[in-house]
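The sequence and the structure come first.

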Amino acid sequence: MKHDTAISGDGLQAALIAQVKQIADGLAQTFAPFCEVVVHDLRNPEHAVLAIHNNLSGRSASDPATELGLARIEDNAFPQIVANYANQFADGRPAKSTSIGIKDAEGHYVAALCLNVDLTLFRSMQSTLEQFTSTDASPVPETLDPANAEMLRKRIEQYAARLASSPQLLKADERRALMRELKAGGFLEMRRAMEIAASCLGISRATAYNDMK
């Protein structure tokens, strides 16, 4: 004897929305406390708010659909994802919102999953970081690289580039020619020059001194 397992359209929509509620709960736990997550039941626009997690907007379950929700109800061709748009909570706090429309098998909007991020703390953190990383001009030019290591490394890299190679891949005869160039240019007179050159070339200091001879 066969059992009729067919589910009505309303039943399928209800099952779909139930799964959206589970997704909303998981997202809310992940992004708490800075992200409000709301599930809207667009089948009932006057009482569309079905679930609200990390409540930042002060709304309640059974509150009506937003303007975006109403737009979806009226037009199934309305974009399914509207991401990262500027929004604002009732008390004026800036928010970044994303709204995801949920369609049934027939292509009708039945629900929406919305995320509203409170930007207040992040903007405060951004301001703090900008203040921390800002710099002023020094009255006297100063370098923390008294050995001019960067200049020496740059010269070595330029030499390797001319050979379509990299410093670590130079052959012994190429390294010896490089050392002659560096010596002629006065680069090996710098403090710690051989140590810096060896490090850049990926060889030992002993090998570097050998290449120079």
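Predicted model: local features only at pLDDT ≥ 70, side-chain atom pairs only at ≥ 80, totals over all residues.

1. Y109 belongs to β5, the strand of residues 109-118.

2. The structure contains one aromatic pair. Its members are F34 and F122, arranged edge-to-face with 5.5 Å from centre to centre and 70° between the planes. F34 comes from the loop between α1 (9-31) and β1 (35-41), and F122 from helix α3 (residues 120-133), so the pair ties together parts that are 88 residues apart in sequence. F34 is partly exposed, its relative accessible area being 32%; F122 is likewise partly exposed, at 37% relative accessibility.

3. The loop between α1 and β1 also holds P33. The peptide bond joining A32 and P33 is cis, with omega about 0°.

4. Strand β1 is mostly covered, with seven of its seven residues buried. In a regular strand, side chains alternate between the two faces of the sheet. In β1, C35, V37, V39 and D41 point one way, while E36, V38 and H40 point the other way, and all are buried.

5. How is β1 paired with other strands? Seven bridges connect β1 to β5, and the two run antiparallel; within this pairing V38 stands opposite C114 of β5. With β2 (residues 49-53), β1 forms four bridges, again in the antiparallel sense, and here V37 has H53 as its bridge partner.

6. Is strand β3 (residues 81-88) largely buried or in the open? Zero of its eight residues are buried, so β3 lies largely in the open. β3 is joined by six bridges to the antiparallel strand β4 (residues 94-103), where S99 is the bridge partner of V82. The hairpin of β3 and β4 has five residues between the strands, and G92 in this hairpin adopts a positive phi near 95°.

7. The largest nonpolar core has 21 residues, and those with the most contacts inside it are L152, I156, L178, M179, L182 and L201. Two or more residues of this core come from each of α4 (149-162), α5 (172-184) and α6 (193-201), with α6 giving the most, seven residues. Leaving aside residues up to four places away in sequence, L201 touches I156, P167, Q168, L170, R175, L178 and M179. A second, separate core has 13 residues, among them A28, A51, A111 and L115.

8. Two residues other than glycine with positive phi deserve mention. N54, in the loop between β2 and α2 (67-74), has phi near 50° and is partly exposed, with a relative accessible area of 25%. A164, in the loop between α4 and α5, has a positive phi of about 55° and is exposed, at a relative accessible area of 74%.

Methods: Residues numbered from 1 in each chain as written. Heavy atoms only, no water. Phe/Tyr/Trp six-rings, centres within 6.5 Å; stacked < 30°, edge-to-face > 60°. Buried < 20%, exposed > 50% of the residue type's maximum accessible area, 1.4 Å probe, protein only. Pairing = 2+ DSSP bridges. Core = buried A, V, L, I, M, F, W, Y, C linked by side-chain atoms within 4.5 Å. Contact = heavy atoms within 4.5 Å.
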